[in-house]
Amino acid sequence: MKKNIMNLPVVPLRGVVLFPHMALNFDAARKRSIKALETALDNDSMVFLTAQKDITQDNPNSDGVFEIGTIANVKQMMRMPGGIMRVIVQGVRRGKAVMVTDGSDYMTADILECEDDFAGITENERLYEAYRRRVVNAYEEYFTENPKLNAESFVRIMSIKDIGELCDIISAELEFDIETKQEMLEEIDVLARSEKLLVAIENQLELLKIERRISGKVKERIDKNQREYYLREQLKVIQDELGEGEGTKAEAKEYENKIKKLKASKSVKDKLLKEVSRFEKMHSTSSESSVIRNYLDTVLEMPWNKQTKESFDITEAQKILDAEHYGLEKVKERITEYLAVRQITNGKNGTILCLAGPPGVGKTSVAKSIAHALGRKYVRISLGGIHDESDIRGHRKTYIGAMEGRIMSAMKEAGVKNPLILLDEIDKMGVDYKGDPSAALLEVLDYEQNSTFRDHYLEVPFDLSKVLFITTANTLDTVSRPLLDRMEIIELTGYTSNEKFHIAKDYLVKKSLDNNGLSDSQLNIADSVLKKIIENYTREAGVRGLEKQIGKICRKAAKELLESRKKSIKITRNNLSDYLGKERYHYDLMNENDEIGVARGLAWTAVGGDTLSIEVNVMAGTGKVELTGKLGDVMKESARAAISYIRANSKKLGISENFHKNKDIHIHVPEGAVPKDGPSAGITMAAAVVSALTGEPVRRDIAMTGEITLRGRVLPIGGLKEKSLAAYRAGIKDIIIPEENKADIEDIPDEVRKKLNFIPVNSMTAVIENVFR
């Protein structure tokens, strides 16, 4: 029989089915549910509770809940910490949602009241009582089989006379799945509900019997284990009498105590206890016991739960970077940005930094400064020359002399689970038949995977997600692409002469004096001397060679102080050669005059930039082209492309159209013993050839760099900063660069940028217009 329709707030229940006559205590955390309950409490305290079909949905709509639910009375609501509402409701009767409205705050529905259908049973009292007794007897049997049920609930259920209420209370009490309970709730016919309940109770009884059989088997095994334990204890007594087991037994007990105190996961402890059990059964002199002993010592030394407190003060970090490094402004800015993100995310930023640059520019020292700024332990792993995957992942302990990999060894050295680990020279790893170590690093440097890093030696997962990894490389060409994808590249380019001077004056001189036991009063190195050392005794992108030269001066001065009994020594430009010998390097300066067939190019080298003088001679001949100066294939192709462009545009350039038939062209790049390659000298060679063929001298105060195409387009090049520094040292005033390299001008130091005039071009025509007076 059906009753009237009422409009009620709807509250979806996750994993719970409420029956009529049933009191339910639950916590509401979803805002829509809380709003619906508050609305009900403000009105007549009536609410419609229905189970949601998918318990993983946070905010189910009308299609996500069952249409049959329970009309309930809100008895009590209490606000708990964290925005949670604790609610007590009492089920009243079944209801059916005939029209659900998804409001912005909560769901409402027109609820059709549903009462139990006693058709075919109320007229026959015997049939009614028979069904009631059968349900009561089935529940009583289930109660005797399941000791978990509450005796008070049993007494209450046994006293219920209404069969509809009896079925509802039992359905709520027993451990049915949600689908079965919802099926019971949706059944209006009391007779059919009773039959379904009886079938469900029978199924539960069968499950209980199966569980009892399983429990019996488990008990038998436990009894067997107790017997084995008794025999094992007897064996220990025998070993003690023979004097064989006392030392091993005590050692095993000590390991067990350490493992119990270890703050590691249960799986790790179980693995270690299993190894201790094996160790305890072995003779103390066996080789296997020594292997297990070394293994246990290694695993127990790992910092499973110990970590240092990280500092996120970017102001202090900036001070530390400024105090320990001169220049590198963009690098410092990028590092402080990185630290700022770590501060905002509370250390969850999972970026791997790769400091890339030539030797001696401060990659390793920058990593040390980051560790200093963060307050983390610092450990360095040198990867140069590694060609075996086991160096990273460790060796399996079945091998003789097996040990953990370098990553876990570094963790053991750090003593904490959140150190800064520097993977130095990542570009110098090799590959051979033993595996690819860079492939093993893929898991290490991926914060999505390294929380369960498994070293072959340890054989248990170790969390590396708290480690801050920083890598260094001289070149990225040899680093595998998947490994590069996991890292963010920060390039440390070469220092300018001015930066080297300040680094030497503020850091290197003091460091060398301390290393050699000298003071400022004993040895004075003039500023002009430092500049001369930089220009004429070193040629490098970094300052490592400069530090060696200063150290050499300090050693010779220390010897001189002892031999001559002098109190102090002053190094000047005049006596510098007495300490360092003759000058080793001379930079090419700007030519004294404009010359025909000579153009100044710019080159990038591993130790910085350099100028490149390209000479062209044109002679009577048969159209041969000679290329000398130990040029690489790419540079030779650039020269041929330049000549092809000139041939195609000879009329426009004022050159005889038959020059390729009656003229031989010889292109030479001086310093013939030095290998040279790359496309960036293309426009320089073209300009020199045009000059030689037209007789127009090239300006001596201009240098150029750019790749040339057959159509005369000028393509972009790399290393503009280093090339500009070389032009600046040579006294060049104007530099022709590709149009697409204009953005790179910002990377050039202000002191250099202000002294040079950059001429961006996109065609060879523009180059020709600027190289001749």
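Predicted model: local features only at pLDDT ≥ 70, side-chain atom pairs only at ≥ 80, totals over all residues.
## The largest pocket

The pocket holds about 1,200 Å³ of space. Its lining has 41 residues, and the closest to the pocket centre are Glu491, Leu492, Thr493, Lys721 and Glu722.

Which helices and strands each supply at least two residues of this lining? There are four helices: H11 (329–344), H17 (497–515), H25 (720–730) and H26 (750–753).

## Helix H12

Helix H12 covers residues 363–374, 12 residues in total. From its first C-alpha to its last, H12 reaches 17 Å. That is close to the expected 16 Å, at 1.5 Å a residue. Just after H12 comes Gly375, with a positive phi of about 75°.

Which residues of H12 are buried? They are Lys363, Val366, Ala367, Ser369, Ile370, Ala371, Ala373 and Leu374. An α-helix has 3.6 residues a turn, so residues three or four places apart point the same way.

What do the buried residues of H12 pack against? Their partners include helices H10 (314–324) and H11. Strands E7 (352–356), E8 (378–382), E9 (420–424) and E12 (468–473) are also packed against them.

## The whole protein

The protein has 27 helices and 26 strands. Its radius of gyration is 42 Å, well over the 28 Å that the globule rule gives for 773 residues, so the protein is more spread out than a compact globule. Along the principal axes, its C-alpha atoms fill a box of roughly 130 × 85 × 55 Å.

Buried residues make up 47% of the 773 residues. Among contacts with a separation of 6 or more, 72% join residues 24 or more positions apart.

Note on methods: Residues numbered from 1 in each chain as written. Heavy atoms only, no water. 1 Å grid on protein atoms, 1.4 Å probe; cavity = no way out; pocket = protein on both sides within 12 Å on 5 of 7 lines; lining within 4 Å. Points joined across faces, edges and corners; volume = space filled by probe spheres on them. Expected span 1.5 Å × (residues − 1). Buried < 20%, exposed > 50% of the residue type's maximum accessible area, 1.4 Å probe, protein only. Contact = heavy atoms within 4.5 Å. Rg over C-alpha atoms; globule rule 2.2 N^0.38 Å.
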